[in-house]
Amino acid sequence: GRIDEAWVKISQVEEVKPQWEMVQISKAIIGYYSGLAPAAFPLHPLSWAMPVLWQLVKRDSESMTRFRDAEKIFASVLEKGHKKREQRLIYESFRFACLVNDTQRQEEANNYFHKVITDNPSHPFLLTWTQIRGMKFDYENSCQALEEKLKGTVDFYQGVRLEETLVLVDLYLRKNQTGKARQLLQKTRSEFQKVNGDSVYSFWLSRTAVVENKHDEALRIAKKESDRPVGRQIQMMVLRDRYFSQKSNKKVYNQFSRYLEKCWIKHNDQQALVELCYMQAENNHWIFISENYERFIEFAGNADAVRLAAQALFLNKKPTQCLEILETNRIKFLDSILPPDLKKLRIKCYTQLGVYSKAVLEAEELHIKLDSVDSLLTLIEAQLQQGDVNGIVYNAQKILQIPSVEPKYILRVARIAAL
């Protein structure tokens, strides 16, 4: 709600001062964040665009438009030049984030990333995106550039030294160079204290311990952490690492899922709820999602969440609610159009409800749009439930007349005919 209020206010200010650069920049930043799920907002305010998972990016037409409008503003501001280095780094991070979160501009995002990182291999903000989005870069070159910047005494009040320190620690950890990571953290310990960054230090020290497989050490750090949200993030990180390394271990799965549920119920942690729902879907555990689907859709805010929530409701025999959320959340899909798999799910819901005429009607509309063997089979299956023998025979003959039709489709037709 607050991001929507901010958008309304900045739009009002823009009407009065449309040429003011800071008004345009503020509009671009608000527009960018409006394209992210509420659960993606950082725990603490940040001046730059931090990495977000695809699952926390909205995919609807309005969000894509705001990403594109924001990217144009950041591009224009950067082209004017005459910015302090820190400001330029921040605007470059937002421009890249607008590109990389746009499903249709991935090649542009990749090209822009390599252009910027070639000119500035130590770019702390763009480097933070590399792992979460799989961006390829010259690891050694970036490490050397960062090490050169952090030689001698490091002053966190100078430029972006704090961010450069953290990204170098992160790069070390990606290559399991935990000794170098600990050494750098120890070297800069007093600087973290000067800028009230004790919790940041604790997080990265615990992350180093996790990479070293010293989970107990990381949990001790979490327990001592005075900033409780950060302490919970550390504990979540430990349990997440255990889960991903031992997915077949039911005990580890239960520990992580219970902790995520606790963080949601006790601390209203939106990101914990979203992660738990994705985790449950991955393991085909749909009951929790069907019980929390409204909040899941609200906090994730995108088409992926709607799809999983709809599947959960259908599988738990709640077809009415499934149809309802697919209708009310059309806007979360590109151009407000449901993709074929969810249109098929609507057909199954009507079948489950016994509204066979509606199922057939939707199946006919889907086939008109797709004109495929699969959509024709979907129509035949709907006609079977309705008892439309003539329709089944007619469409089955159409499939059998298709040249080089795959055997799997012939077998499906045969099974339906046998019924």
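R189 lies over the face of Y201, 4.1 Å from the ring centre. A charge counts as over a ring if NZ of Lys or CZ of Arg is within 6 Å of the ring centre and within 35 degrees of the ring normal. This is a predicted model, where local features need pLDDT of at least 70, side-chain atom pairs count only at pLDDT 80 or more, and totals for chains, interfaces and linings use all residues. Residues are numbered from 1 along each chain as its sequence is written, and side-chain values use heavy atoms, leaving out hydrogens and water.

**Another charge over a ring**
- R133 lies over the face of W54, at 4.2 Å from the ring centre.

**Aromatic pairs**
- The whole structure holds 18 aromatic pairs; rings of Phe, Tyr and Trp (its six-membered ring) pair if their centres lie within 6.5 Å, with planes under 30 degrees apart counted as stacked, over 60 as edge-to-face and the rest as tilted.
- F96 and W129 form an edge-to-face pair, because their ring centres are 5.8 Å apart and their planes stand at 85 degrees.
- At 0% relative accessibility, F96 counts as buried, and W129, at 0% relative accessibility, is buried too (buried means under 20% relative accessible area, exposed over 50%, partly exposed in between, with a 1.4 Å probe and protein chains only).
- Y243 and Y253 make a tilted pair, 6.2 Å centre to centre with 45 degrees between the planes.
- Both Y243 and Y253 are buried.

**A cluster of rings**
- Ring pairs join Y32, Y33, F41, F67, F74, Y91 and F94 into a cluster.
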